[in-house]
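Subject: Structure for your files

Dear colleague,

Here is the structure I said I would pass on. My notes on it follow below.

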Amino acid sequence: MNEFIQNLIPLVVAVVGSMAWLAVNALVLVYCERKFAGHIQRRPGPFEVGPHGVLQTLIDGLKLMGKQLLTPDNADRFLYWLAPILSMIPVLLLFMPIPYGPVLTGMEVDLGLLLILAFSSFNGLALILAGWGSNNKWGILGAARAVAQTVAYEIPLLLTVLAIAFMTGTLNLTEITAQQAGHIGNWFIWKQPLAFIIFIVAMFGETNRAPFDLAEAESELTAGFHTEYSSMGFGLFFMAEYGYMVVICSICSVLFLGGFHGPIPGIEGWWWMLIKTYALLFLMIWARWTFPRVRFDQLLNINWKWLLPLATFNLLATALIMKL
Amino acid sequence: MAAQDSVGHKEFLTAGGHHMDPPIVNVKLAQDILDVCRSMSLWPMTFGLACCAIEMMATGMARFDMARFGAEVFRPSPRQADVMIVAGTVTKKMAPAVVRLYEQMPGPKWVIAMGNCAISGGPFKIKDNYNVVEGVDTLIPVDVYVPGCPPRPEGLLEGFFQLQRQITGKRWWPVAAKVEG
């Protein structure tokens, strides 16, 4: 019993920490996104609400909470409200096995990578439930697109992750980080450059971010799967999207950019992880405001005709080199 | 011709279509804070009917930048929008769609009638008018009227400030100086 409590307390602390981290990230990232969008388009972005508009996302969040919650008449009430919750909850679990610092790991899991890949697939399920449950043709079209896209992009993502697992011989993220200790030359980006590029592209596809945000393409589908969601139903989808962005960028920096290890020996800590993750997040925001949205056939062609063969080739080459 | 008679509240606005229950817990301080939040993040709906919509787009662009006041989040779905900018001529054929979009918005919601056509029919308010709704306020309740043909982006921004004043009872931004001559 005593041991059980000893195991439980760090877990509870980690879950609460993840919740706080997720909420803070959503606030900061939405602000950064709008500010970046503004500056990329040569305008100031949110400016008047708080100094330089820093309170803007907080106020938007409060407003969303104060808005009327609607359930469409012919919606499947249970599935309709299950979807945003199902989209949001797994994100908290996904933060658990990621090593943010030498001691800042929620829960050291031997199969951490597998856990993350398994539970991040819940998002696809949540999106299809949202589209189906809201009984809206735009919703169901958006959900169909989202599923086709996430299922397709998961395969090259898995194959690149598998290449790293072949190299390191482990699925434990802490172990993978430890193998990249030392200087910048030990980072896996130099050993697996092709995998890194494929991962970056698949990352956009997995998180439904522009230029691959076909699932909520407002020019064609009104708002895609979340067309019928008002108030915090929409807010939860929004938070989950930013949560998945943070998770996948953290994984990218653990797998390829050395996690919490600095570029020179001796300086390691959570700040490196933070810098790398945020650099990748800014890359995602930058891409969103730079590239136009691709067409759906182009989106799937990129995946099936380029990313998948390249990822397979990369995996086979890695296996061959490891065997030799 | 009795053009106006055929289009009106009774025809399109469904009973209870824009009904809002009173708040369950009504604490004045909380309501005031929420009102300030609402007024500072007025998300408009991506919805333009005619040439005024071009000025509405200009208001969102670099020179005028509605984003400064947190109002640049044009939501494509009425479920997530707070304010409907009726930017342009409402024809009788369009009227049911306008009313339906208004009813689909969750409360609290506001309407800005932008431009003379939306206010009164503008240049179409003539004897032989057969197809234009003479004022969108015959269809849905309007909170702020922004006159002009079309109004300049500054005018629309001023309309937003006026709406913020209606919501919170306070003007938040300095008034532009009057230029003589």
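This is a predicted model. I begin with the place where the chains meet: 29 residues of chain A are in contact with 19 residues of chain B. On the side of chain A that touches chain B, the helices α1 (2-40), α2 (56-65) and α11 each supply at least two residues. The most comes from α2(A), which gives five residues to that side. Sorted by class, the side of chain A that touches chain B has 10 nonpolar, 10 polar and nine charged residues.

Chain A

Chain A is built from 13 helices and has zero strands. Its radius of gyration is 20 Å, close to the 20 Å that the globule rule gives for 324 residues, so chain A is as compact as a globular protein of that length. Along the principal axes, its C-alpha atoms fill a box of roughly 60 × 50 × 50 Å. Of the 324 residues in chain A, 47% count as buried. Among the contacts of chain A with a separation of 6 or more, 78% are between residues 24 or more positions apart.

Cores

Which residues have the most contacts inside the largest nonpolar core? They are F199(A), C252(A) and L255(A), and the core itself has 84 residues. Helix α11 (residues 231-256) of chain A provides the largest share of this core, 18 residues. Leaving aside neighbours within four places in sequence, F199(A) is in contact with L157(A), T160(A), C252(A) and F256(A). A second, separate core has 43 residues, including A67(B), M105(B), M114(B) and V144(B). As a general point, nonpolar side chains tend to be buried together in soluble globular proteins.

Chain B

Chain B has six helices and three strands. Along the sequence, these elements follow the pattern α-α-α-β-α-β-α-β-α. Of the 181 residues of chain B, 43% count as buried. For contacts in chain B with a separation of 6 or more, residues 24 or more positions apart account for 78%.

The three strands form an open sheet with parallel pairing, in the order β1-β2-β3 (chain B). At the edges are β1 (83-87) and β3 (144-146) of chain B, each of which pairs on one side only. On average, and with direction ignored, neighbouring strands of the sheet are turned by 20° against each other.

Between β1(B) and strand β2 (residues 110-114) of chain B, the parallel pairing runs over five bridges. One residue pair can be named here: A87(B) has M114(B), in β2(B), as its bridge partner. M114(B) is also one of the residues of the second core.

Which strands of chain B does helix α3 (residues 52-60) touch as it packs on the sheet? It touches β1 and β2 of chain B, and its direction makes about 130° with that of β1(B). Helix α6 (residues 153-168) of chain B lies across β1, β2 and β3 of chain B and runs at about 165° to β3(B).

That is what I have.

Regards

Notes:
Residues are numbered from 1 along each chain as its sequence is written. Chains are lettered from A and ligands numbered from 1 in the order in which they are written. This is a predicted model: local features need pLDDT of at least 70, side-chain atom pairs count only at pLDDT 80 or more; totals for chains, interfaces and linings use all residues. Two strands pair if DSSP finds at least two bridges between them. Helices (H or I, at least four residues) and strands (E, at least two) are DSSP runs, numbered from the N terminus. Axes are lines fitted to C-alpha atoms, for helices over the stretch in contact, and angles run from 0 to 180 degrees between N-to-C directions. Two residues are in contact if their C-beta atoms, placed from the backbone, lie within 7 Å. A nonpolar core is a set of buried Ala, Val, Leu, Ile, Met, Phe, Trp, Tyr and Cys residues joined through C-beta atoms within 7 Å. A residue is buried if 20 or more other C-beta atoms lie within 10 Å of its own, exposed if 12 or fewer, and partly exposed in between; C-beta atoms are placed from the backbone. Ala, Val, Leu, Ile, Met, Phe, Trp, Tyr, Cys and Pro count as nonpolar, Asp, Glu, Lys and Arg as charged, and the others, Gly among them, as polar. The radius of gyration is taken over C-alpha atoms; the globule rule is 2.2 Å times the number of residues to the power 0.38.
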